[in-house]
Amino acid sequence: MSILTLTVMSSCEDESDSPKEPQGPQMARQTVIMYMPWSGSGIYPYFLKNITSFEKAIEDNGGLGDNALVIFISDDENVSYLIKSCYENGKCERDTIKTYDFNSCDYTTPSGIATVINDAVGVSPAETYAMAVGSHGMGWIPVGVDVPVYSATPKNLPGNIHPTRYFGHSSNNRYQTNIETLADGIISTGIKMQYVLFDDCYMSNIETAYDLKDATDYLIASTCEIMIEGMPYAEIGIDLLNNNYKGVVDGFYGFYSTFSTPCGTIGVTDCREVAGMAYIMKQINGAYPDGLDVTDDVQRLDGYSPTIFFDFGDYVSHLCKDASLLAAFNEQLARLVPYKANTDTYYSMFTGRRTSIKSFSGLTISDPTVNRSVANYKVQTNWHKATH
């Protein structure tokens with residue numbers, strides 16, 4: 001049984017003895033939806049810690065201000081809950097608003113996602129909305145694609161192997177969701193999110209940003225595997241409530257640069273600039289239709305072999321030798337990724353190793369991958385179709 005299933009009705013209701021006319025929920029400035037669909041029993045306890053950490057940030061801040069926090073979390077494969085976190089008398093209390101059954105609310109479909117979002121809106125109407133998605137991540141790779149890890153962690157590697165949010169993801173694709181599906185679900189509500197934060201591995205990529213360009217203004221995510229602990233909500237929670245993207249990046253870097261395995265990467269992508277980048281990349285790809293013959297010198301940002309996720313900026317700097325085109329790309333990249341941060345190395349549980357980061361743009365791209373598991377799928381992405 002989840003500790004989140006407890007209903008604390010008094011925490012979000014008026015306790016006055018005076019009778020009052022029934023009123024709807026008060027309008028917030030912004031409602032943040034923590035969205036945590038079933039991702040397996042291994043990561044579930046860390047979701048609970050993430051919620052507690054976010055609430056600690058609220059308590060340390062002395063409240064939510066004029067914002068609201070709503071949580072959707074799955075206890076198991078079948079049961080999920082919608083919970084409102086309210087600040088009262090110096091602490092956060094949780095009010096379980098609704099229980100969902102997977103068969104009647106399939107959150108891997110646009111309609112299921114829209115149902116959850118609309119329910120959150122009903123609980124906490126606001127001027128603006130944002131989402132923090134907690135799960136395992138596979139970047140842009142479609143549901144059902146199995147990517148073998150040829151460089152699996154050797155048992156004789158020295159030191160401790162730290163778990164990440166990608167390793168051990170559910171192989172049951174019934175509970176996995178395509179990025180296009182998430183985008184369709186958001187768009188169908190008529191809401192454009194202020195940001196979608198992915199507390200998942202490999203989600204800061206240009207393919208995902210392109211799919212989400214009509215669903216959110218900003219994408220916040222890691223280019224690499226993120227530690228099992230996930231985003232440091234105690235440090236960045238108030239910044240997330242207030243859309244302080246630089247504060248989110250600074251808080252993330254401050255936490256992971258001093259972590260036991262000091263590795264972390266983060267990028268904030270302005271999805272309103274994605275179409276402009278696609279226009280420039282179509283020109284570059286037209287000038288260099290054969291791509292790169294050799295990618296050995298391009299910054300890799302994953303634990304796969306062959307590499308799937310390459311640094312976007314470094315890839316284009318190797319591909320494009322036209323000075324004016326490259327200058328246009330770099331100018332647009334600066335607008336596209338206004339905030340980013342990285343430690344000196346990134347970590348992959350697949351290899352158990354830390355790898356140096358010599359070039360970092362805040363986004364990855366899979367155009368140059370020759371990994372056979374995904375090579376046929378990359379050309380089917382909306383990004384690839386728009387830029388080739």
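Two strands are taken to pair if DSSP finds at least two bridges between them. In this predicted model, strand E2 (residues 67–74) and strand E3 (residues 79–88) meet that description, pairing in the antiparallel sense over six bridges. Within this pairing, Val-70 has Lys-84 of E3 as its bridge partner, and the two strands form a hairpin in which four residues lie between E2 and E3.

E2 is also paired with strand E1 (residues 28–36), here in the parallel sense and over seven bridges, with Thr-31 standing opposite Ala-68 in E2. Together with helix H1 (residues 44–61), E1 and E2 make up a β-α-β unit that is right-handed. H1 lies across E1, E2, E3, E4, E5 and E6, and runs at about 170° to E2. Eight of the eight residues of E2 are buried, and the strand is therefore largely enclosed by the rest of the structure. The burial extends to both faces of E2, since Asn-67, Leu-69, Ile-71 and Ile-73 point one way from the strand, Ala-68, Val-70, Phe-72 and Ser-74 point the other way, and all are buried.

These strands belong to an open sheet of nine strands with mixed pairing, in which the order is E4-E3-E2-E1-E5-E6-E7-E8-E10. Strand E4 (91–101) and strand E10 (339–342) stand at the edges, and because each has a single partner strand, one side of each is left without a neighbour in the sheet. On average, and with direction ignored, neighbouring strands of this sheet are turned by 15° against each other.

Elsewhere in the sheet, strand E5 (residues 126–134) and strand E6 (residues 193–199) run parallel and are joined by four bridges, with Val-133 placed opposite Phe-198 in E6. Helix H6 (residues 245–256) packs on the sheet, where it touches E6, strand E7 (216–221), strand E8 (265–270) and E10, and the direction of H6 makes about 5° with that of E10.

A contact between two helices was also examined. The axes of helix H8 (residues 312–319) and helix H9 (residues 323–336) come within 11 Å and cross at roughly 175°; as angles over 145 degrees count as roughly antiparallel, H8 and H9 are therefore roughly antiparallel to each other. On the H8 side the contact is made by Phe-312, Gly-313, Val-316 and Ser-317, and on the H9 side by Leu-326, Phe-329, Leu-333 and Leu-336. Sorted by class, the residues in the contact of H8 with H9 comprise six nonpolar and two polar ones, with no charged residues.

Methods:
Residues numbered from 1 in each chain as written. Predicted model: local features only at pLDDT ≥ 70, side-chain atom pairs only at ≥ 80, totals over all residues. Heavy atoms only, no water. Buried < 20%, exposed > 50% of the residue type's maximum accessible area, 1.4 Å probe, protein only. Right-handed = clockwise from strand over helix to strand, strands pointing away. Axes fitted to C-alpha atoms, helices over the stretch in contact; angles between N-to-C directions. Parallel < 35°, antiparallel > 145°, perpendicular 65-115°, else oblique. Contact = heavy atoms within 4.5 Å. Nonpolar A, V, L, I, M, F, W, Y, C, P; charged D, E, K, R; others polar.
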